[in-house]
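Visitor: Could we go through this structure together? I would like to start with what the word "contact" is taken to mean.

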Amino acid sequence: MAPSLHPLVDNGITAGSSSFAGGKLHCHCPSNQVEVTLSSNVAHNHACGCSKCWKPKGSLFSIVGVVPRDAVSVTANASKLTIVDKEATIQRNACKDCGVHLFGRIEKDHPFKGLDFVHAELSSEKGWQEPQFAGFVSSIIEQGTNPKSMDDVRAKFQSVGLQTYDVLSPALMDLISTFTAQKAGVRFANL
Ligand SMILES: N[C@@H](CCC(=O)N[C@@H](CSCO)C(=O)NCC(=O)O)C(=O)O
Ligand SMILES: [Zn+2]
Ligand SMILES: [Zn+2]
């Protein structure tokens, strides 16, 4: 049986709603769940193959998107949260008991500072933006996927309408490069 990319990808993508304005995320604990309330839909939602983003058991990819950090509040059991890796760019706040990541926050100077990374699948509500692309696809090799299966992995994403990239989407990579150029005082050429 082919390994699962992610349950939200394996059987085709379900479109979200442009009028959806957020909801609640819960960790996987059977009781005393950490609850995070988002007052915004996610943006740039994507499948991520990197080793750091939280993935459901048995999946090769996470699905992760961003929301403004002001739209994120921990509304229950905040004391169960711990930062997985304080040195990482994205400080992922995970439940100590079940390991699920509730939100990832950037504190250092970075093009995505001000945006928190969240997994909308932790919500039972419907309407969250559907995945837009697959990023960090080649990174799954670093976690043990056989390089020979990469054609199949990329073909599966293409078959459900998702472009694959080995970093982020061109739009996000352009944002990162624009930030880097502006910081360095680069003057852009006139069109
Ligand atoms: N091959 C590495 C890549 C890790 C990586 O750079 N991940 C990205 C994307 S995470 C969400 O899209 C990133 O920005 N990481 C910063 C961080 O995780 O703090 C690997 O697989 O580990
Ligand atoms: Zn938990
Ligand atoms: Zn990732």
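Guide: Contact means that heavy atoms lie within 4.5 Å of each other. Please keep in mind that this is a predicted model.

Visitor: With that in hand, what is L102 in contact with, leaving aside its neighbours within four places in sequence?

Guide: L102 is in contact with L25, H26, C27, V34, V36, L81, N93, A94, C95, V118 and L122.

Visitor: And which residues touch the most other members of the largest nonpolar core?

Guide: They are L25, L38 and L102, in a core of 20 residues. Strand 2 (35-38) and strand 8 (101-105) are the elements that give two or more residues to this core. Apart from it lies another core, of 14 residues, which includes L60, A134, M150 and F157. As background, nonpolar side chains tend to be buried together in soluble globular proteins.

Visitor: Let us turn to the metal. Which protein donors does the zinc ion (ligand 2) have?

Guide: Its donors are the SG atoms of C27, C29, C95 and C98, which lie 2.3 to 2.4 Å from the ion. The angles among the four donor atoms are 105 to 115°, and the site is tetrahedral.

Visitor: What spacing do these donors follow along the chain?

Guide: The spacing is C-x1-C-x65-C-x2-C. C29 lies in the loop between strand 1 (23-26) and strand 2, while C98 lies in the loop between strand 7 (91-95) and strand 8, so this pair ties together parts that are 69 residues apart in sequence.

Visitor: Is C29 buried or exposed?

Guide: C29 counts as buried, because its relative accessibility is 6%, and the cut-off for buried is under 20%. C27 is also buried, with a relative accessible area of 2%. C98 has 29% relative accessibility and therefore counts as partly exposed.

Visitor: What surrounds C27, leaving aside neighbours within four places in sequence?

Guide: C27, which lies in the loop between strand 1 and strand 2, is in contact with Q33, V34, C95, C98, V100 and L102.

Visitor: Which residues does the UniProt "binding site" annotation cover here?

Guide: According to the unreviewed UniProt entry, the annotation covers C27, C29, C95 and C98. These residues are spread over 72 residues of sequence, yet they cluster in space, with a largest C-alpha distance of 8.5 Å. A "binding site" annotation in the unreviewed UniProt entry also covers C48, C50 and C53. From that set, C53 is taken into the lining of the largest cavity.

Visitor: Where does C50 lie?

Guide: C50 is in the loop between strand 3 (43-48) and strand 4 (62-68). C50 counts as buried because its relative accessibility is 13%. Not counting residues up to four places away in sequence, C50 touches K55, R92, F136, S139 and Q143.

Visitor: And what does C53 touch, not counting residues up to four places away in sequence?

Guide: C53 touches C48, S62, V64, R92 and H101. C53 is found in the loop between strand 3 and strand 4, and at 10% relative accessibility C53 counts as buried.

Key
Residues are numbered from 1 along each chain as its sequence is written. Chains are lettered from A and ligands numbered from 1 in the order in which they are written. This is a predicted model: local features need pLDDT of at least 70, side-chain atom pairs count only at pLDDT 80 or more; totals for chains, interfaces and linings use all residues. Side-chain values use heavy atoms; hydrogens and water are left out. A nonpolar core is a set of buried Ala, Val, Leu, Ile, Met, Phe, Trp, Tyr and Cys residues joined through side-chain atoms within 4.5 Å. Buried means under 20% relative accessible area, exposed over 50%, partly exposed in between (1.4 Å probe, protein chains only). Helices (H or I, at least four residues) and strands (E, at least two) are DSSP runs, numbered from the N terminus. UniProt positions are given in the numbering used here, feature names are shortened, and annotations may be inferred rather than shown by experiment. On a 1 Å grid over the protein atoms alone, a cavity is a set of points where a 1.4 Å probe fits but cannot get out, and a pocket is an open set with protein on both sides within 12 Å along at least five of seven lines; lining residues have an atom within 4 Å of a point. Donors are N, O and S atoms within 2.8 Å of the metal (3.2 Å for Na, K and Ca); water is not among the atoms, so sites may look incomplete. Four donors count as tetrahedral if all angles lie between 85 and 135 degrees; four count as square planar and six as octahedral if opposite donors are over 155 degrees apart and all others between 65 and 115; anything else is irregular.
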